[in-house]
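Welcome, and please have a look at the model below.

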Amino acid sequence: MKKSLSVWLCILLSTSLFAQQIPVARTKNLSDTALLELVQKQTFKYFWDFGHPVSGMARERSNTSFNYGHEVVTTGGTGFGVMAMVVAAERKWVPRDSVVARLLKMVKFLSKANSYHGVFPHWFNGATGQTIPFSRKDDGADLVETSFLFEGLLTARQYFNAGNKTETELRNRINSLWNEVEWDWFTRGGQDVLYWHWSPNNDWNMNHSLRGFNECLITYVLAASSERYPVQSNVYHRGWAINNYFKNGKEFYGIKLPLGFDYGGPLFFTHYSFLGLDPRGLKDRYADYWQQNQNHTLINHAYCLDNPKKFKGYGANCWGLTASDNHQGYSAHSPTNDLGVITPTAALSAFPYTPEFSMKALRHFYDDLGDKIWGEYGFTDAFSEEHNWYAQSYLAIDQGPIVVMIENYRSGLLWKLFMSCPEVQKGLQKLDFKSASIN
């Protein structure tokens, strides 16, 4: 596919402007509400101003570390960005029809981009739609990234419900993409578990079955929700819920953790699936998911206060361990993998669970550390006072949850929209979930 000169100029402009961190003046003495609004709006700009000019999708990251290049767009991060755009339309940061136009650009691109049994790869070339391998054998379908994408697209479908031509077309195109996902193919011939990857070049060689507890709950919910290619409940109960790291039940800092790794693991477990899935009152035979997510967050917070490794900067106003860039590269930070790195998305995306603790962190990040970590697209990815390191980069999968989860704290908007999907309601019922949101 040949690109016009204007498109190339647009790409060149956006990449050259973003090669350097752009300092942004901070307004002091903001109210809590004004500060939340500012952080959401500024962070949203990552997806709106820095979206790929051809496809409209979210770039993986703002820099070109790891030889990604600026053509690389991310499937899952785009899903998070779609939800951020719904927030932008609702709060009138940008006109509703402009958001619809951007989303139409995305879904038209996706309808022609590479997919495998209806499932998209982790990365695309944002100009051509060709798969960019995530690793040597990961060069095909990524079921989890596709789940994050559809978490966003189904939410947008529910929000843009007007009867005009463009919103009707957007809904129809989202439905078409949704109905093409062959969730049942990823049981690998009818096994009682889902598999993360499949490739026409490497078949099932990645051999990564999805077993809990981690960030992939949304994948099982959507797979059960499909009307055309669904999986049955046994795939959830015998696959996802059968694992040495599923049930926990132990206490850490006096806080009981129903599911998952000791100390909970990185905090994105409490974010990615629950951008749309409303954990308030959400229960199945294994856990109360509000309790699970809140307690996981409280354990992460308590660990940072305890600070057993005595890292500089940790405390009541500076906490939050999750996956992000760091001074050595990239890692999934957690209490059992603590490198002295604080990632702003951890505490900020926890606003629904720990609003008081999250606000203390937000104030510190903005008021005290803003000269080092506040920029054109909100807070940069991570920092370490211990190592005197402050990221210059932004990552789509970290920026998106900040906008979405602060909004869920403020209004519950994305939770209401996603849980209103009739397919999702049926899928949750099939898996024996209970919630006041399920009719």
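## Terms and source

Helices (H or I, at least four residues) and strands (E, at least two) are DSSP runs, numbered from the N terminus. This is a predicted model, where local features need pLDDT of at least 70, side-chain atom pairs count only at pLDDT 80 or more, and totals for chains, interfaces and linings use all residues. Residues are numbered from 1 along each chain as its sequence is written, and side-chain values use heavy atoms, with hydrogens and water left out.

## Overall fold

The protein has 15 helices and 13 strands. Its C-alpha trace spans about 55 × 50 × 45 Å along the principal axes. Of the 439 residues, 61% are buried (under 20% relative accessible area; exposed is over 50%, partly exposed in between, with a 1.4 Å probe and protein chains only).

Take the contacts (heavy atoms within 4.5 Å) between residues at least 6 apart in sequence: 67% of them join residues at least 24 apart.

## Two asparagines with positive phi

Asn-307 is not a glycine, yet its phi is positive, at about 50°. Its setting is the loop between α9 (289-306) and β8 (323-326), and Asn-307 is buried, with a relative accessible area of 9%.

Asn-388 also has a positive phi, near 50°. This residue sits in the loop between β12 (383-384) and β13 (389-390), and Asn-388 counts as exposed at 59% relative accessibility.

## A cis peptide

Gly-212 and Phe-213 are joined by a cis peptide bond, with omega about 5°. Phe-213 belongs to the loop between β5 (197-198) and α7 (217-225).
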